Structure formats: C-alpha cells, structure tokens
Amino acid sequence: MGFTTQEEYLEFKQRITDFLWKEVEPLVPEMEEKDHIPRTVLFPRFREMGLFRLIIPEEYGGLGLTTVQYLPLLAEMSKVSGAIRALIHVHLTTARAVMLFGREEQKKAHLPKFATGESSLAFGLTEANAGTGLDIKTTAVKQGDRFVLNGEKHLITNADFTDLFMIACYTGPRELGGKGMSALLVENGAPGFTIEPMPHLLGCKGLGHGILTFKDCSVPVQNILGREGQGLEIFLGELEASRVFVAASSMGTAERALMESIEYAKKRVTFGKPIAQRESVRMLLADMATDIYGLRLMLEDVARKIDEGKPCALEASMCKTHGLETVCRVTDKAMQVLGGRSYLQSWPIERLLRDARLNVLEEGTPSIQRLVTARALLSGDLPWEFPW
Ligand SMILES: Cc1cc2nc3c(=O)[nH]c(=O)nc-3n(C[C@H](O)[C@H](O)[C@H](O)COP(=O)(O)OP(=O)(O)OC[C@H]3O[C@@H](n4cnc5c(N)ncnc54)[C@H](O)[C@@H]3O)c2cc1C
C-alpha cells in the first residue's frame, strides 16, 4: 500500500494525528509517572496504524513514505510524547540503514519483519570509553565463518525490547581508519552478548536504554551489513538523514510549546487583562514563531534534497543545530509565558522542556554539528546560490 495521491497521504496523516492525540496522549501522564511505555497496549495499535513501517519501501511491506511525508508525522509524535517519537525514530532510522546498505538477502530477511514490528533494529555506536567515530574500541575478529566480537556500547535506545542490533566495530586494522570499520548485525541472545538497563532519563520517560556488552560474542560472517569495511559509510549515511529526523522532532516539540503558550496567554488574566495583550508576552510569542518558521523552511529544503538523492550532510548538520537551538529557546520562552504553572508536572511545558534536551545530544552534540558544518564550508561547499 502506498499513497498515489496527496489526498490519500493527507487522509493517512490525519488518521495518525487522531490516533496520537486520542489514544496516546491520554496515556502520557502515566507513562511519565511510571517511566514506562505500555508496550502491550500500544505496540498492537502501532502495528495496525502502520507506525513501524512508515518509511520502509512498499516492496518489503512498508508504506514507502518520502522524507517530505515522514517529517510531519515525526513532528506530530513529538508533540504528544518524546519517548514514542524516539522509539519509532530509532526503529525506522536503523531500518533505513538496512534499506540503503543491506544486501538484497538482508533486506528480504529483515525489512518485512521490521515493517510489521515483529522485529526491531537498534544501533550501537556510542562507547563509554571512546569517542564516537573512528575512536571506537569494539572489535570483531574473523575466525572461519564467524566473527568474535568484543567491546561495550552504552546509551543504546530500545535495548529493552529490540531483537537485533547494528553494531559499529573494527573488523580490519585501525590503521585503515573508516575502511577498517564495519556494521555487524547482532541478535539479542547471541552467545557472549549481555544487555543491562541504564539509569532513568531526564525526559522522554519510558524510553528504554541499555549497556551492550560483547565478550567473545560469536556472530556469523554473513551478518555484516552490506560489505566488510563499509561501517563508517553506513553510520555516517544513517546519521545524515537521522539528524534531519531529529530536527523535525525538535520542530514538533517547539510547535506544541507555542500552541500551549498561545492558548494560555489568551486565557490567563492579570490586572484585568489577558496576558496576551501585554507587549512582553507578545514579544515572546513572536520570537517563538519566528524560530519555528525558520526551522520549517530548512526542513522543507533538506527533506526535498534527501528525496531527490542529493548529498546534504552540511544542510543536515545545520538543520539539526537550528532545530536543537529552536526547541531549547522555544521551550524556555514557553516557561516564561506560562509562569509558575509551567514548572508543574500537570502542564505539558515541563515535559516538553525535558524531552527537548534529548534533541541536543542525539546523533551528535551541537559542537560536533558545528565542526561538521565548518569542515564542509571550509572545503568549499555552500548549500545555496544567491539568485537575488
Ligand atoms: C537518551 C539518549 C539516547 C541515545 N541513543 C543512542 C543510540 O541508540 N545509539 C548510540 O550509539 N548512541 C546513542 N546515544 C548517544 C549519543 O549519540 C551521544 O551521547 C552523543 O553523540 C554524544 O556522545 P558522548 O555522550 O560520548 O559525548 P562525548 O563525546 O563525551 O562529548 C562530551 C563533550 O565533548 C565534546 N567533544 C567530544 N569529542 C570531541 C571532539 N573530537 N572535538 C570537539 N569536541 C568534542 C562534545 O561535543 C561534548 O560537548 C544516546 C544518548 C542519549 C542521551
């Protein structure tokens, strides 16, 4: 099933929006309080609504949404729950790596199961004792038809339920740099593989995280995603679009904060007038909307480039940076509009403010985004021309 017309897509988008606000939103206070996603209740509904298969190609049982069509849905999820957004984001972003880099037999074996939600893939790049990228310490040494994997990954999202992990590791000498790195698909339950839960998060309550430990873990050689030595390309390729997905999530969180602020400002009366009539409050609302508008335009541009297959690492980094700064500024300003009530757990601003902080760290810190941006700029890349 795909969308042959824009009307069909808009109808689908409305169905997802209704589902999120009518069925997920009422569960959020309890998810926050218990720090738990009720998977037995929600996962069957996610399957029925098609959330696990949004961007998986139709030939593998997915809906085949384009990036332009997918971003508004991610944004809508973020308005309702940062945890649900992050869970779906990791599932689909990692599935996307299989779509882009997997061998045909890997796509056929995994993508239909990811599409139904019967199976899920998470990614393991970050290590507690190494920098993210070429510095990683995890290694996989070939012995006959198996790799022997050793190392540790931490902060791995969805580790509480995922059955498959895409692990960044060196399969060749470190001196080869990126060409020595591979992405290895490791099944939960593989001999020598253990998962430990991590401490509770500041926001996105209910989202599970784990430490993955590999001690002489035995993995079949055919579990290399794509080919040996393609690991850096896979992780960088995955990160490029993923940064844009995170920026869309920032937009959703920021839009909800603006929506709540506008409604509140119209209702809250002080000294005989709604605060919406005070210049100081109007300035806050105007600044929030201006930030969001800029982010929307950046997202529209970069989403189109991704769909057209144009390289856009520079735009993706700039978009991620503007997204995280927007969502932090907007949620801070929302606190000012709502005053003391914003600090109470019964109001969504407090949750949005905490959820937003994950967007700062996910897929690379602000400094790393700026380093990527500056490197591309200095090597002569400019993502626009000046026709005026
Ligand atoms: C909730 C959550 C979910 C996550 N999910 C996943 C996941 O599913 N899979 C996964 O692999 N990772 C995941 N991560 C990890 C996340 O991607 C990293 O936390 C993030 O990329 C930053 O890496 P770090 O924590 O190792 O920070 P560090 O690398 O220790 O950075 C600390 C500071 O030093 C700076 N710094 C570090 N190195 C350099 C350098 N070379 N040059 C300049 N500045 C530098 C950074 O910019 C930052 O300011 C998750 C993190 C969180 C919080």
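**Charged pairs in a predicted model**

Mentor: Start with E30 and K34, whose side chains form a salt bridge. This is a predicted model.

Trainee: How many residues apart are E30 and K34 in helix α2?

Mentor: Helix α2 covers residues 28-34. About one helical turn separates E30 from K34, because the two are four residues apart.

Trainee: Is K34 buried or exposed?

Mentor: Exposed means over 50% relative accessible area. E30, at 45%, is partly exposed. K34 has 53%, so K34 is exposed.

Trainee: Which helices hold E255 and R296?

Mentor: Their side chains meet in a salt bridge, 2.4 Å from N to O. The pair ties together parts 41 residues apart in sequence, because E255 lies in helix α7 and R296 in helix α8.

Trainee: Is E255 buried or exposed?

Mentor: The cut-off for buried is under 20% relative accessible area. R296, at 36%, is partly exposed. E255 has 17%, so E255 counts as buried.

Trainee: Which residue forms a salt bridge with K305?

Mentor: Look for closest N and O atoms 3.0 Å apart. K305 sits in helix α8, and the partner, 10 residues away, is in helix α9. Both residues are buried. The partner of K305 is E315.

Trainee: Which residues do salt bridges with shared partners join into one network?

Mentor: E255 and R296 already form a salt bridge. Shared partners make one network of E76, K79, E255 and R296.

Trainee: How many salt bridges does a search of the whole structure find?

Mentor: We discussed several, including E30 with K34. The search over the whole structure gives 25.

Note on methods. Residues numbered from 1 in each chain as written. Predicted model: local features only at pLDDT ≥ 70, side-chain atom pairs only at ≥ 80, totals over all residues. Heavy atoms only, no water. Salt bridge = Lys/Arg side-chain N within 4 Å of Asp/Glu carboxyl O. Buried < 20%, exposed > 50% of the residue type's maximum accessible area, 1.4 Å probe, protein only.
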